[in-house]
Amino acid sequence: MHKDAIVFLSYAHKDESIVTDIYHVLKKARYLPWIDKFDIKPGEDWERAIKIAIKKSFVFLAVISANSYARRGVLQKEILMALDNWESLLPDDVYIIPVRIDNSPLPERLARFQAVDWFSPNGINMLMIAIEYALSRTKN
């Protein structure tokens, strides 16, 4: 389907089990999800690997939860890198998709983007629709 279209997953490590589920759903749908847990090789410079993966990604999923909402550090840096990438896209392009995995509000930096609620009855389907739309816009 979209073997070359990287879908980057940004998340708080306390949410690893849910994000791993999201990863497997995306992989089963034949996307190329990228997650540090599986895609950074032992001995690799993880900061560099993350920067390269974000730069190459066609979609950036910001997984939002109580664990990530107030957290400072790597997640915030990843969001800033994604926002820099987003600035260079066309106004109608979709690149950043916030994925809420609980009832936490979106961080102010992401509030402009429509979120997907993963655990809503239609959450998985809405995420797939959003990714497909993003990829269709990016490929043009």
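**Stop 1: helix α3**

Select residues 46–56, helix α3, whose buried residues are A49, I50, A53 and I54. These four cover an arc of only 130° around the axis, which puts them on the same side of α3. Now turn to the other side of α3, where R48, K55 and K56 are exposed. Then go to the start of α3 and show D45: one of its side-chain oxygens comes within 3.1 Å of the backbone nitrogen of E47. Keep in mind that this is a predicted model.

**Stop 2: helix α1**

Select residues 16–28. At 1.5 Å a residue, the 13 residues of α1 should span 18 Å, and the end C-alpha atoms are 18 Å apart, which agrees. Colour V19, T20, I22, Y23 and L26, which are buried in α1. They cover an arc of only 160° around the axis, which puts them on the same side of α1. The face turned away from that buried side carries the exposed residues S17 and K28. Just after α1, R30 has a positive phi of about 75°.

**Stop 3: aromatic rings**

How many aromatic pairs does a search of the whole structure find? It finds five. Show F8 and F60: their ring centres are 5.5 Å apart and their planes are at 5°, so the pair is stacked. F8 lies in strand β1 and F60 in strand β3, 52 residues apart. Both F8 and F60 are buried.

Next, select Y23 and F38. Their ring centres are 4.7 Å apart with planes at 45°, so this pair is tilted. It links helix α1 to helix α2. Y23 is buried, with a relative accessible area of 6%, whereas F38 is partly exposed at 37%.

Finish by selecting F8, W34, F60 and Y95, which ring pairs link into a cluster.

Technical notes. Residues are numbered from 1 along each chain as its sequence is written. This is a predicted model: local features need pLDDT of at least 70, side-chain atom pairs count only at pLDDT 80 or more; totals for chains, interfaces and linings use all residues. Side-chain values use heavy atoms; hydrogens and water are left out. Buried means under 20% relative accessible area, exposed over 50%, partly exposed in between (1.4 Å probe, protein chains only). Helices (H or I, at least four residues) and strands (E, at least two) are DSSP runs, numbered from the N terminus. The arc is that of the directions from the helix axis to the C-beta atoms. A polar contact is a pair of N or O atoms within 3.5 Å; within protein, one must be able to donate a hydrogen and the other to accept it, and residues adjacent in sequence count only if both atoms are side-chain atoms. The expected span of a helix is 1.5 Å times one less than its number of residues. Rings of Phe, Tyr and Trp (its six-membered ring) pair if their centres lie within 6.5 Å; planes under 30 degrees apart count as stacked, over 60 as edge-to-face and the rest as tilted.
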